[in-house]
Amino acid sequence: MNYVISESNVTIEGRSFEGNLSACLRHEDGRPYHTFRTATVLVNGEHVRFKNCRFANTAGSGSKVGQAIALYLDGEDIRLEDCLLEGHQDTLFLAPLPPVEYEKDGFIGPGQFTPRTKRTVYFKHCTITGGVDFIFGGATAYFDNCEFVSVEEGYVFAPSTPQDVPVGFVASNCRFTAIEGVRKESCYIARPWREYAKVRLEHCYLGEHIHKAGFDDWGKTQARQSVVFEETDSYGPGARGAVRPDYVRRSIRQAP
């Protein structure tokens, strides 16, 4: 962990945080870093505000270095405005973790043994870049007028919303774009990290890099009955001619 912010009721403005830890590196304890020890910044304070800040993990492509978190949020009512988050695989983690890990040491890191406390976080006018599952976790998260920039083939959202939490990730008036070189229809809006994943899109622009299916079940056929993936009034080339899976709730009044 490069930076830990544990203060509460503070505003942090105009800071730049950069790190390059990745999951494949060997930790001093002899084990790999795994995902959750790679974060450039961990924030576990309450009611923290960030304005015009940059959070970056420069480790590189997920296909080469694995997971590499830029920002790990594990506090209630954290708000980011006009911020830039840069990474590839697993750019932004929004606690809580799921109750149980899939593999040994999968959750090793600062939240491994902490209570799975419900969190709500907010993003406004932020730009978040990444590749595979670059926004993931169990928080209720609201993204207002944000831009999600795919830098390689992959998935934007990978929520693990707890079963008893009604709202997962909500993107309102956001833009899903990609850098030059990302192939057409090579990226998905979301896939479920856990079976009760929830994602809602409200009037979002979808670039041509978004696959016509839009959403993927991650091979978890049982999750099709429990996920809540909703999409209202998406527009742009990623919305035109879309053929979403039947478990996605989709309402399009206009898609110019």
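A polar contact is a pair of N or O atoms within 3.5 Å; within protein, one must be able to donate a hydrogen and the other to accept it, and residues adjacent in sequence count only if both atoms are side-chain atoms. The model is predicted, with local features requiring pLDDT of at least 70 and side-chain atom pairs pLDDT 80 or more, while totals for chains, interfaces and linings use all residues. Residues are numbered from 1 along each chain as its sequence is written, and side-chain values use heavy atoms, without hydrogens and water.

**View 1. Polar contacts of the Thr 40 side chain.** A polar atom of this side chain lies 3.5 Å from the backbone nitrogen of Gly 19. The backbone oxygen of Ala 56 is 2.9 Å from a polar atom of the Thr 40 side chain.

**View 2. Surroundings of Thr 40.** Leaving out residues up to four places away in sequence, Thr 40 touches (heavy atoms within 4.5 Å) residues including Asn 2, Tyr 3, Phe 17, Ile 69 and Ala 70.

**View 3. The lining of the largest pocket.** Lining residues have an atom within 4 Å of a point of the pocket, which is an open set on a 1 Å grid over the protein atoms alone where a 1.4 Å probe fits, with protein on both sides within 12 Å along at least five of seven lines. Of the 20 residues lining the largest pocket, Thr 35, Gln 67, Asp 90, Gly 106 and Trp 193 are the closest to its centre.

**View 4. The lining of the second largest pocket.** Its 14 lining residues include Pro 98, Pro 99, Ser 160, Pro 162 and Gln 163, the closest to the pocket centre.
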